[in-house]
Amino acid sequence: MPVIPALSGAGMLKALLALLVVFNLIDSTSQTYSIFNFFSDSVFYFLPMMLAYTEAQKLKCNPILAADVAGIMIHPSWLAMVSAGEAVKRKDIPDETFASGVLGEGIGIQPSDGIVKAPFAGTIPINLNMLV
């Protein structure tokens, strides 16, 4: 279980920080506290990626791809998009390909303001002569 040492270390660091604050050895508004706090928080923030990686190894899948999918699910743009909209069941998505499930399970997001936004800005150049 490669995740257990990371969780144990993060928990011990959280406990140490709590003791340092209780005994007034460190201020909870100091930079030192903030740095050690985000060190320990990072384990919990990236826990979905660590679990996906280790589970993919057990299931003999590509662990990098599994961690990447978990990373998508914790990306701030994805979280903002999901929280700003309403989840739509896969079968209720108005597209035959998605609704049929041929692409696998999933959900749709109906934006609350009715405007679909990309999580990034950019242009994808394509040479149509290459497609012929």
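This is a guided tour of the structure, one selection at a time.

The model is predicted: local features need pLDDT of at least 70, side-chain atom pairs count only at pLDDT 80 or more, and totals for chains, interfaces and linings use all residues. Residues are numbered from 1 along each chain as its sequence is written, and side-chain values use heavy atoms, with hydrogens and water left out.

**Whole chain**

Start with a cartoon of the protein chain. Six helices and two strands are present, in the order α-α-α-α-α-β-α-β from the N terminus. Helices (H or I, at least four residues) and strands (E, at least two) are DSSP runs, numbered from the N terminus. Of the 132 residues, 16% count as buried; buried means under 20% relative accessible area, exposed over 50%, and partly exposed in between (1.4 Å probe, protein chains only). Switch to a surface: the chain exposes about 10300 Å², and carbon and sulfur atoms supply 67% of that area. Accessible areas come from the Shrake-Rupley method with a 1.4 Å probe, and for residues only the protein chains shown count as cover.

**Helix 1 to helix 2**

Select Phe 23, in the loop between helix 1 (3-22) and helix 2 (31-45). Phe 23 counts as exposed because its relative accessibility is 57%.

Now select Asn 24, found in the loop between helix 1 and helix 2. Its phi is positive, near 55°, in a residue other than glycine. Most residues other than glycine have a negative phi. Asn 24 is exposed at 69% relative accessibility.

Next, show the side chains of Asp 41 and Lys 14, which form a salt bridge with the closest N and O atoms 2.5 Å apart. The pair links distant parts of the chain, with Asp 41 in helix 2 and Lys 14 in helix 1, 27 residues apart. A salt bridge is a side-chain nitrogen of Lys or Arg within 4 Å of a carboxyl oxygen of Asp or Glu. Asp 41 is partly exposed at 32% relative accessible area, and Lys 14 is partly exposed at 29%.

**Helix 2 to helix 3**

Select helix 2 and helix 3 (residues 47-58), which pack at about 50° with axes 5 Å apart. That makes helix 2 oblique to helix 3. Axes are lines fitted to C-alpha atoms, for helices over the stretch in contact, and angles run from 0 to 180 degrees between N-to-C directions. Angles under 35 degrees count as roughly parallel, over 145 as roughly antiparallel, 65 to 115 as roughly perpendicular and the rest as oblique. Val 43, Phe 44 and Tyr 45 in helix 2 meet Leu 47, Pro 48 and Met 50 in helix 3; contact means heavy atoms within 4.5 Å.

**Strand 1 and beyond**

Select Glu 86 in strand 1 (residues 85-89). Glu 86 touches Gly 108, Ile 109 and Gln 110, not counting residues up to four places away in sequence. Glu 86 is exposed, with 58% relative accessible area.

Finish with Arg 90 and Glu 105, whose side chains meet in a salt bridge (3.4 Å, N to O). Arg 90 lies in the loop between strand 1 and helix 6 (96-100) and Glu 105 in the loop between helix 6 and strand 2 (107-111), so the pair ties together parts 15 residues apart in sequence.
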